[in-house]
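Subject: Structure handover

Hello,

Here is the structure for you to look over. My notes follow below it.

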Amino acid sequence: LIQKFPEAHDAAAAQYYVGESYYYKKMCQRAIPEYQKVITNHRSSDQVPDALLMLGHCSADLNRRADAMGFYQRVLKEYPQSTAAMLATQRLDRLGQ
């Protein structure tokens with residue numbers, strides 16, 4: 001779907017779930033570029049705040065604290081009313097911000 005119909009209505013969600021499949025297999029190195037594709041290729045999608053949140057989770061899992069905090073802060077700044085923002089706040093609290 002993603003390669004054949006990159007502009008399809010569900011393409012952003014499909015791309016996001018590719019990242020999710022890697023994340024839940026504990027393969028953050030492979031999940032990160034998939035989440036980044038959501039942000040780059042589907043800027044107006046509702047999946048973007050969740051992709052940013054998951055980039056924060058992956059970064060934290062890879063012990064990249066500064067990167068994780070940056071992604072969480074970006075969610076708060078750009079999508080303050082989203083569910084992802086609430087979760088990002090919780091993660092920032094855990095990281096000591």
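At what angle do helix 2 and helix 3 pack, and how far apart are their axes? The angle is about 155°, and the axes are 9 Å apart. Axes here are lines fitted to C-alpha atoms, for helices over the stretch in contact, and angles run from 0 to 180 degrees between N-to-C directions. Helix 2 and helix 3 are therefore roughly antiparallel (an angle over 145 degrees).

Before the rest, the ground rules. This is a predicted model, in which local features need pLDDT of at least 70 and side-chain atom pairs count only at pLDDT 80 or more, while totals for chains, interfaces and linings use all residues. Residues are numbered from 1 along each chain as its sequence is written, and side-chain values use heavy atoms, with hydrogens and water left out.

Overall architecture

The protein has five helices and zero strands. Helices (H or I, at least four residues) and strands (E, at least two) are DSSP runs, numbered from the N terminus. Along the sequence the pattern reads α-α-α-α-α. Of the 97 residues, 39% count as buried, meaning under 20% relative accessible area with a 1.4 Å probe, protein chains only. Among contacts (heavy atoms within 4.5 Å) with a separation of 6 or more, 40% are between residues 24 or more positions apart.

Helix 2 with helix 3

Back to the opening pair. The crossing of helix 2 and helix 3 is left-handed: the near helix is turned anticlockwise from the far one by less than a right angle. From helix 2 come Cys28, Ala31, Ile32, Tyr35, Gln36, Val38 and Ile39. They meet Val48, Ala51, Leu52, Met54, Leu55, Cys58 and Asp61 of helix 3. These residues divide into 12 nonpolar, one polar and one charged. Nonpolar covers Ala, Val, Leu, Ile, Met, Phe, Trp, Tyr, Cys and Pro; charged covers Asp, Glu, Lys and Arg; the others, Gly among them, are polar.

Helix 3 itself

Helix 3 spans residues 48-61, 14 residues in all. It reaches 20 Å from its first C-alpha to its last, close to the 20 Å expected at 1.5 Å a residue; the expected span is 1.5 Å times one less than the number of residues. Helix 3 is mostly covered, with 11 of its 14 residues buried. Among them are Val48, Leu52, Met54, Gly56 and His57. The cover includes helix 1 (11-23), helix 2 (28-41), helix 4 (65-78) and helix 5 (83-95). Just after helix 3, Asn63 takes a positive phi of about 60°.

Helix 3 with helix 4

The axes of helix 3 and helix 4 come within 7 Å and cross at roughly 160°. These two helices are therefore roughly antiparallel to each other. Their crossing is left-handed. Helix 3 contributes Pro49, Leu52, Leu53, Leu55, Gly56, His57, Ser59 and Ala60 to the contact. Helix 4 contributes Asp67, Ala68, Phe71, Tyr72, Arg74, Val75 and Glu78.

Helix 1 with helix 2

Helix 1 and helix 2 pack at about 165°, with axes 7 Å apart. That makes helix 1 roughly antiparallel to helix 2. The crossing of helix 1 and helix 2 is left-handed. Residues of the contact include Ala12, Tyr16 and Tyr23 of helix 1 and Arg30, Glu34 and Lys37 of helix 2. The contact of helix 1 with helix 2 holds nine nonpolar, two polar and four charged residues.

Best wishes

Note on methods:
Buried < 20%, exposed > 50% of the residue type's maximum accessible area, 1.4 Å probe, protein only. Parallel < 35°, antiparallel > 145°, perpendicular 65-115°, else oblique.
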